[in-house]
Amino acid sequence: MALKWFKKKKDEQEAAASTEPKPDNVPEALNAEDHPGDEALEQNNGTASENKENEPAPPPDPTEPDPDPEVPAKSGGFFKRLKSGLSKTRKLLSTDINDLFAGNRKIDDELLEDLEELLITSDIGVQTTQDLIETISKKSSKISGPDELKAVLKEKILELLSLEPPTPREITDTPRVIMVIGVNGVGKTTTIGKLAARAASSGKKVILVAADTFRAAAIEQLDIWSQRAGVDIIKHKENSDPAAVSYDGIEAAVARDADMVLVDTAGRIHTKVNLMEELKKIKRTISKKLPGAPHEVLLILDATTGQNALSQAKLFNDAIEVTGIALTKLDGTAKGGIVVSICSTLEIPLKYIGVGEKIEDLQEFDPIQFVEALF
Amino acid sequence: MFNNLSDRLNAVFKKLKGHGKLTEKNIEEGLKEVRMALLEADVHYKVVKKFISDIKERALGQEVMASLTPGQQVVKIVNDELTELMGGRLEDLNLSGPVPVSIMLVGLQGSGKTTTAGKLAVFLRKKGKKPYLVPADVYRPAAIDQLSKLGQQLSVPVFPSSLEMDPVQICQEARTTAHRTGCDTLLIDTAGRLHIDEALMDELSRIKDAVKPADILLVADAMTGQDAVNIAQSFNKTLDIGGVVLSKMDGDARGGAALSIKSITDKPIKFVGVGEKLSDLEPFHPDRMASRILGMGDVLTIIEKAQSVVDEKKAAELEKKLRKNEFTLEDFRDQMVQIRKMGSMSELINMIPGMGQMKQLKNLEVDEKEFVKIEAIINSMTPLERRQYTLIKGSRRKRIAKGSGTSVQDINKLLKNYTQVIKMIKKVNKGGMRGLGMGMPSF
C-alpha cells in the first residue's frame, strides 16, 4: 500500500526537490536556513574568540611539515618525491613483472593469467584488465622479456590516462572558484588545506569556504587549515545551509579581490539523491553569484577505493559535472588503478595526486611521469 | 548494499536453474560469470580463485549431479560457501574482563572510526552499558572536537583529551576517569594511519599494552578495493585485532572487501555501518548477509527490527481497533513513526524476499522526509478531525495545510491514501482474514 504510494510520489518529489532541495540529514528547525542573509558572517581574523580552544598552539603534528612549506623544486625534487611516494606501488608491480619472466618464460596462457592477477589486484578493473591482456596477447610474438612487456603496458595505460594532452590552464577569471566534492573520508578538507597552502605561498590571496556544515567539527578542521596556510575562511554555524555559506564566501571573495576560492563540501555517499540535490543547489548558488563559477569541480577519490570509485565518479559527474579528479592516499600500498578506467570511460582528467601527508605531497598529475613511476 | 553483486549472481542462477540437467560445461560457464561478478565487487583475486575452485569441486560432485533440481543445488552450494566465507555466524563484541573494559578502534584515515565510535556508544547504551568516549587522535585537525560534539549530541561522556597529551597517556588517564565516574566501557578512537607507517603502528601497540583492550576493531571502508587484504593483514599482524567494522555500506558498494578480509585474516566482521545517523550500525550476520547477496531476502532482520520498536501493548490495541474498523489518522501516524524507527525504507525493502529483484522497486528512492510531512499534517489536525476524517472539508484542509507548511494537494493525497487503507482493512475484516497488519498495516 504505502509502497505504491511512494512510487507515485516519486516524480513529484523529484520536481519538488529540484526547486527546494534540502538535505535529509540536516536536522529540522534550522533558523539559519530560513534567514541565510541574517547569518552573521564570521571570519577568521574577525571573531577569533570562538576558536580559542584551537588557537593557542598549533597542534604538535609530527606528520605535518613546518608551517611555511616551500613550493617543491620543479625538477629533481618533484620527481623524486613522486617516485618515493609511489615506490611501494612501483616496487610491487615492477618486481612482479620481472618475476613473471623468471626462468625464461614465454608469453603463454599461464603467464597471462599471472599478469591478470597483477592487474586486477591493482584495482584497474576487470574490463580494463581484459582489454590490456588482449592487447598483449596480440603482440605476444614481439614481447620476449619484462622490459618489452612493461613498455607495452605503459604505452597502453598512458593512452587510457591521457585522452587529451593536458593543456596548461589559463587563469583569467578571478576569483577562481574551486568546488571540492567526494564521498565521506576521502580527504577533501586535507586536500583543500594543501591546495590553499600552495597557492598562498606563491603569493595568491585564497579564501576557504566551510560548506561542510553537517559533520561534527568539520568547520573547526577547515579553520585550523586556514590558520596553518594563513588564509581567510568564511564560515557559518554548524547545520546551517551550505549554499548560503557558499554565497557569502563568493561575495566576500569578490569584495576582497581574492584570487582563489576553495569550497569545502560535506562528504556524501553518491547514491543519496537528496544529498546530490544539495550539491546541485550549492553549485547553482555559486554560479548565480558569480557567473562562470565554479571554474572547477574537483572530485576527490581515495586510492584505496576499488571498483566503486567508478560509480562515485559517474554519479557525481551526472549530478554536477566534474572537471577534474584528485586521487589521494597513494602513499599506502593501494595502487589506485581504477583511475585508469575513470579517465578513459568518463573522460575526466586526473589533476592531482596525493602521495603523502606533507603539503608538498599534493602533486599536479602528469600522466607520463605517473606511468614512468608506476613501472 | 550488495545490490549489484546480487543482481549479477541472480542472473547467473536463473540461467543455471533453467537447465533440467547440468553438464560440466554449464557449471563452468556459470562459475566463470560468478567469478567476474565477485572480482567486480572487489573481492580479492586470491579469495575468488579459491572460492570458485571450492564450489566447482562440490558442484561437479554427486551432490549436484544426482539431484533432481541441479540448478537449485548449485545455488545452495554457493550460499553455503558464501556464508562460510563471511564467517559462519554472528560474532559479538568482546566485553569480558575487569571493568572498565576498553575497545580500540583502529584503521586508515577516513575509514570512519570517529563516527563508528559514536555509533558504538549508542549500541552499547542500548545494551545497558555506560560507554565513555576517548578521543586519542591528536594529529588530525579538529578530530577531538568531532568526537566531543558527537558525545554532546548523544549525552555520552567524553574524555577531555588535549593536543599536548600523548595518546597512550590519554588512554591511561581516561581509564582512571572512567572508573571514577562509573563508566564501564571505554571506546578509544585512535588516529587514522597508514598500515605501513611503522611509527604510528607502534603507537597502537603501545596503547594496546597500556590499556589491554577487550576488543580491537578495525574500521574498514566497504568501498575498499583489492588493498583491503593488505590493510587488514598489517593491522592484524601488529595488533591481533578482534574483529572488523565495515563502514559506509549504505552506498552502492558491493562490499567485496568484507569477503576478502574475513577469508584472509580469519577475523570476523562484527558490525556494518549503514547510514549517516548515529543509530545506523548493525551487527553483522553472515548467514543473513549471504542470503541478502543472493537476493533471498532477510526476513529475520526485519522481524528483529520490528520487535525492537513495536510496543506490544500498543500492537494489541491496534489489532482490536483494526478488527472494529476503527483505524484513525492517529493510528496511521503512530504506525508511520514505528516504521521509521526501523530504519530507512529502501533498506527494509531490500530485506523482503523477492522485493530486491522487482524492477519497479529498483530505482525507488523513498524520501524519508515524506514521513515528516505526513506527521506534520496529521499533527496539524484537531483531535476530532483525526478521528473523523470525513469532517475535513475545503476550509479545514486549507487551515491544515497552512499549519503544517504543506499544500492542500498534500492533504488530499494523504487523505486519499488513508481512505484506501481503511477500505482495505474493511475488506480484510469482511473476508475474515485474521491478524493482518499486526505490526504494520500500512504495508
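Start in chain B and select Asp42(B), which is found in the loop between helix H2 (24-40) and helix H3 (45-59). Helices (H or I, at least four residues) and strands (E, at least two) are DSSP runs, numbered from the N terminus. The model is predicted: local features need pLDDT of at least 70, side-chain atom pairs count only at pLDDT 80 or more, and totals for chains, interfaces and linings use all residues. Residues are numbered from 1 along each chain as its sequence is written, chains are lettered from A and ligands numbered from 1 in the order in which they are written, and side-chain values use heavy atoms, with hydrogens and water left out.

Stay on Asp42(B) and look at the backbone: phi is near 70 degrees, a positive value in a residue other than glycine. Most residues other than glycine have a negative phi, and most peptide bonds are trans.

Is Asp42(B) buried or exposed? Asp42(B) has a relative accessible area of 5%, so it counts as buried (buried means under 20% relative accessible area, exposed over 50%, partly exposed in between, with a 1.4 Å probe and protein chains only).

Next, select Ser155(B), in the loop between helix H7 (143-154) and helix H8 (167-181) of chain B. Phi of Ser155(B) is positive too, near 55 degrees. Ser155(B) is exposed, with a relative accessible area of 62%.

Now turn to peptide bonds. Select Val99(B) and Pro100(B): the bond from Val99(B) to Pro100(B) is cis, with omega near -5 degrees. Pro100(B) sits in the loop between helix H5 (70-86) and strand E1 (101-106) of chain B.

Finish in chain A with Pro294(A), in the loop between helix H11 (273-289) and strand E6 (296-302). The peptide bond that leads from Ala293(A) to Pro294(A) is cis, with omega near -10 degrees.
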